Amino acid sequence: MGKLAMVLASGELEKLQAASIIASVASTVGMEVLLFATMDGLMAFRKDVVEEKAWKTGELGKGMLEKNAPLFIDTLKQAKEVGNIKIYACGMVMDMLGLKKEDFVDIFDDVLGVTAFLGMVEGAQVLFI
Amino acid sequence: MQGEADRVIDARGSYCPGPLMELIKAIKEEDVGTVLAVLSSDASSAKDIPEWVKKAGHELVGVFEEDGYWRIVIRKSR
């Protein structure tokens, strides 16, 4: 069924929502899905950001929060229960800012560098978000 | 009622992909042959769940429009 990889580099809620839905559904129909969260896309998983729902949003994102749409984090957690999906955090950003895995919500399978991620995504369709 | 089910998943009020994710979790727990019904008030789920069922290799018994929601009935096939 193939392999789908996504680089989550944006902290915009709308983009994270869209990416999480596509990734999750793909993971449940037999695709191997790999996500790499980096830059603002990684910051969106920080515990304090998640607790305060302090994501960058436009009108649509505000509406999603008001309507209690399933959040990307919950969608990804559910996908991990039932699908073939792995989520990695970018080690470079964490080193740079002195952050640890514990500073983020409990969702990452590992902390990786770019070389390791590129090795994993060989032969995959890669989307950059 | 058309499309009786062994198990009903009430996902009304939840938005995409909530109903689908709840269905997938339930499917994992049940045996092959079990008939499951998902109730969804979300129109996009009513369209997308049958697509998922096809792709995942299960049988779509039917999509029934009820009063303000859809009842999507499927049989676990593998």
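A word on the model: it is predicted, so local features need pLDDT of at least 70 and side-chain atom pairs count only at pLDDT 80 or more, while totals for chains, interfaces and linings use all residues. Residues are numbered from 1 along each chain as its sequence is written, with chains lettered from A and ligands numbered from 1 in the order in which they are written.

Let's start with chain B. Here we have an open sheet of four strands, in the order S1-S2-S4-S3, with mixed pairing. Strands S1 (7-10) and S3 (59-65) of chain B are at the edges with a single partner strand each, so one side of each has no neighbour in the sheet. On average, neighbouring strands are turned by 20 degrees against each other, direction ignored. Strands here are DSSP runs of E, at least two residues, and helices are runs of H or I, at least four, numbered from the N terminus; pairing takes at least two DSSP bridges.

S1(B) pairs with S2(B), residues 35-40, in the parallel sense over four bridges, and B:Val8 sits opposite B:Ala37 of S2(B).

Across S1 and S2 of chain B lies helix H1(B), residues 18-29, at about 160 degrees to S2(B). Axes are lines fitted to C-alpha atoms, for helices over the stretch in contact, with angles from 0 to 180 degrees between N-to-C directions.

Now to chain A. The axes of H1(A), residues 13-28, and H5(A), residues 72-82, come within 9 Å and cross at roughly 10 degrees. H1(A) is therefore roughly parallel to H5(A), the term for angles under 35 degrees.

Notes:
Contact = placed C-beta atoms within 7 Å. Parallel < 35°, antiparallel > 145°, perpendicular 65-115°, else oblique.
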